[in-house]
Amino acid sequence: MPFFPYQAQDPSGKSVRGSIQAESMPAAQAALQARGFSAVTFPGAAARPGVRVGTAPAMADPLSASGSPVSLAASGAIGSGPIGSGAAPVVGNAPTAPLQRAGPKFTHRDQRKDTYFLFQQLAAAFEAGISPAQAFMDIGRRSKPRYQESFAEIGAAATEGRDLAAVMARYPHLFTADAIGLVRAGQHGGFLGEAFREIGRQAFEAHKFQRFFGWAWFVGFNLLFLAPMVMLARSALLTSWKQIDATGGAISFSEAVGLNLAIIRGYFLWPIGPICLLILAIACGIRLWFRHESSLRLRHQLSLKLPVIGPRSREEGYARLAWTLQRLMRAGVIPARALAMALETVPNVAMREEWAQVAQSMRENEGFSAVFARMPKLPHDFSAVLATAEYTGDLPRAFEQLARSSDAEYQAKTSYARFRTGLFGVFMVVIAGLLAVGGWYYTWYIELPKEILSGFEP
């Protein structure tokens with residue numbers, strides 16, 4: 001059945017956008033009106049008359065807590081656009097194709113900029129009413145080679161009704177764990193388009209932050225080589241003077257230049273050259289190990305403890321947790337299930353594991369405020385705001401407020417981290433420069449005159 005993008009007003013009067021799968025446009029309109037939607041229009045279908053927008057069957061989420069798969073497309077709304085909060089998912093009974101059990105496939109690592117462009121395209125296609133199968137296949141064919149196989153497999157999974165997140169998990173170098181968790185939550189809660197948009201937004205923020213620190217590696221490598229280079233210049237200067245003095249100064253300028261080059265070449269071959277190569281090898285090894293999956297948890301633990309980066313990482317986790325919970329609660333997901341799925345979307349692994357241990361102890365009738373009060377590194381404001389929301393019965397709005405405030409703090413902490421780190425980098429460059437100038441000054445004005453005057457009799 002084709003998908004029809006729609007815009008309507010929900011029973012509360014809010015404007016919402018999404019997509020619905022039906023046999024025809026009148027059938028889609030009747031299904032929406034049966035749910036209480038009014039002022040239904042189909043802008044996407046009107047702009048493209050006669051075009052069938054995707055024919056993929058419903059995708060079922062095998063993680064449904066009720067045992068019945070939550071369909072994203074079986075005669076129901078799929079996701080929502082930027083207007084309103086979106087429609088709740090519909091529980092269908094479409095059969096779910098069995099998952100293919102296969103090991104992970106390692107490819108070239110993704111680039112944050114590529115992730116941003118790909119998922120923004122997916123979000124735009126999904127919000128326009130294009131089926132996930134068609135969107136993944138079409139966008140995958142236009143993407144870089146390392147993404148094509150994964151997007152083709154995800155598109156096939158969407159066609160067969162399998163879990164998209166499970167297929168994405170087979171490509172750990174292309175899709176991060178929090179992105180996979182967000183796709184799973186989007187499937188379960190019916191906001192897959194918004195999930196794609198959020199993944200792209202987070203990737204863009206990470207790309208900007210990482211690009212700012214690109215110069216830090218350049219400066220760091222230069223500072224590592226600064227001390228050996230100063231030692232090389234000092235040794236070459238003193239050795240060349242000794243050899244010139246041994247000839248009685250009867251040497252031309254070109255011969256002096258050749259002599260200095262020969263001395264520099266000799267010292268560079270041993271010991272300065274091997275020292276520089278060793279430093280380079282150690283630095284590259286540390287960088288490669290630090291980026292490997294085995295060090296992911298350690299890297300995230302360190303990021304939480306750093307005085308500048310830590311607050312930024314924590315606010316990012318708060319914002320993502322609240323953002324996902326707000327949408328899952330609007331979709332009617334039970335609290336324990338919503339919390340477990342939302343924790344999978346937290347980018348920091350250390351925070352995610354600590355919170356997951358607390359979430360596992362959540363009792364059936366326990367409120368969010370009591371659970372959040374026990375979570376480490378979580379602000380007291382969360383439990384206080386949620387306690388009021390539980391009293392008034394409006395948890396989705398409370399999570400929306402928390403997501404907005406945490407995201408604002410995250411943006412502020414990002415700017416502050418860039419500013420403080422930039423100051424620290426400038427300070428290190430100034431200190432290294434002063435040490436280099438001081439070493440050269442000592443060699444030229446103290447050691448060299450002593451060497452020159454040592455040949456004279458008192």
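These legends go with close-up views of a predicted model.

**View 1. Helix 8 alongside helix 17.** Here we look at helix 8 (residues 192-212) and helix 17 (residues 395-453), whose axes come within 10 Å and cross at roughly 15 degrees. Anything under 35 degrees counts as roughly parallel, so that's what this pair is. The crossing is right-handed. On the helix 8 side, the contact uses Arg 201, Glu 205, Phe 209 and Phe 212. Helix 17 answers with Asp 407, Tyr 410, Gln 411, Thr 414, Ala 417, Arg 418 and Gly 422. Sorted by class, the residues of this contact come out as four nonpolar, three polar and four charged.

**View 2. Helix 16 against helix 17.** Helix 17 shows up again, this time packed with helix 16 at about 155 degrees, the axes being 8 Å apart. The cut-off for roughly antiparallel is over 145 degrees, and these two helices therefore get that label. Their crossing is right-handed. From helix 16 come Asp 381, Phe 382, Val 385, Leu 386, Ala 389 and Glu 390, while helix 17 brings Leu 395, Ala 398, Phe 399, Leu 402 and Ser 406. This contact has eight nonpolar residues, one polar and two charged.

**View 3. Phe 372 and the largest nonpolar core.** Nonpolar side chains tend to be buried together in soluble globular proteins. The largest core in this model has 67 residues, and the members touching the most others are Leu 339, Phe 368, Phe 372 and Phe 399. Helix 12 (residues 309-330) is the top contributor, with seven residues. Zoom in on Phe 372 and, leaving aside residues up to four places away in sequence, you'll find it touching Leu 321, Leu 325, Leu 339, Leu 378, Phe 382, Ser 383, Leu 386 and Phe 399. There's also another core lying apart from this one, with eight residues, including Ala 8, Ala 28, Phe 37 and Phe 42.

View 4. Most residues other than glycine have a negative phi. Ala 39 isn't a glycine, yet its phi is positive, at about 50 degrees. Ala 39 sits in strand 3 (residues 38-41), and its relative accessibility of 55% makes it exposed. Lys 377 also has a positive phi, near 65 degrees. You'll find Lys 377 in the loop between helix 15 (368-374) and helix 16 (380-392). With a relative accessible area of 37%, Lys 377 is partly exposed.

Conventions
Residues are numbered from 1 along each chain as its sequence is written. This is a predicted model: local features need pLDDT of at least 70, side-chain atom pairs count only at pLDDT 80 or more; totals for chains, interfaces and linings use all residues. Side-chain values use heavy atoms; hydrogens and water are left out. Helices (H or I, at least four residues) and strands (E, at least two) are DSSP runs, numbered from the N terminus. Buried means under 20% relative accessible area, exposed over 50%, partly exposed in between (1.4 Å probe, protein chains only). Axes are lines fitted to C-alpha atoms, for helices over the stretch in contact, and angles run from 0 to 180 degrees between N-to-C directions. Angles under 35 degrees count as roughly parallel, over 145 as roughly antiparallel, 65 to 115 as roughly perpendicular and the rest as oblique. A crossing is left-handed if the near helix is turned anticlockwise from the far one by less than a right angle, and right-handed if clockwise. Contact means heavy atoms within 4.5 Å. Ala, Val, Leu, Ile, Met, Phe, Trp, Tyr, Cys and Pro count as nonpolar, Asp, Glu, Lys and Arg as charged, and the others, Gly among them, as polar. A nonpolar core is a set of buried Ala, Val, Leu, Ile, Met, Phe, Trp, Tyr and Cys residues joined through side-chain atoms within 4.5 Å.
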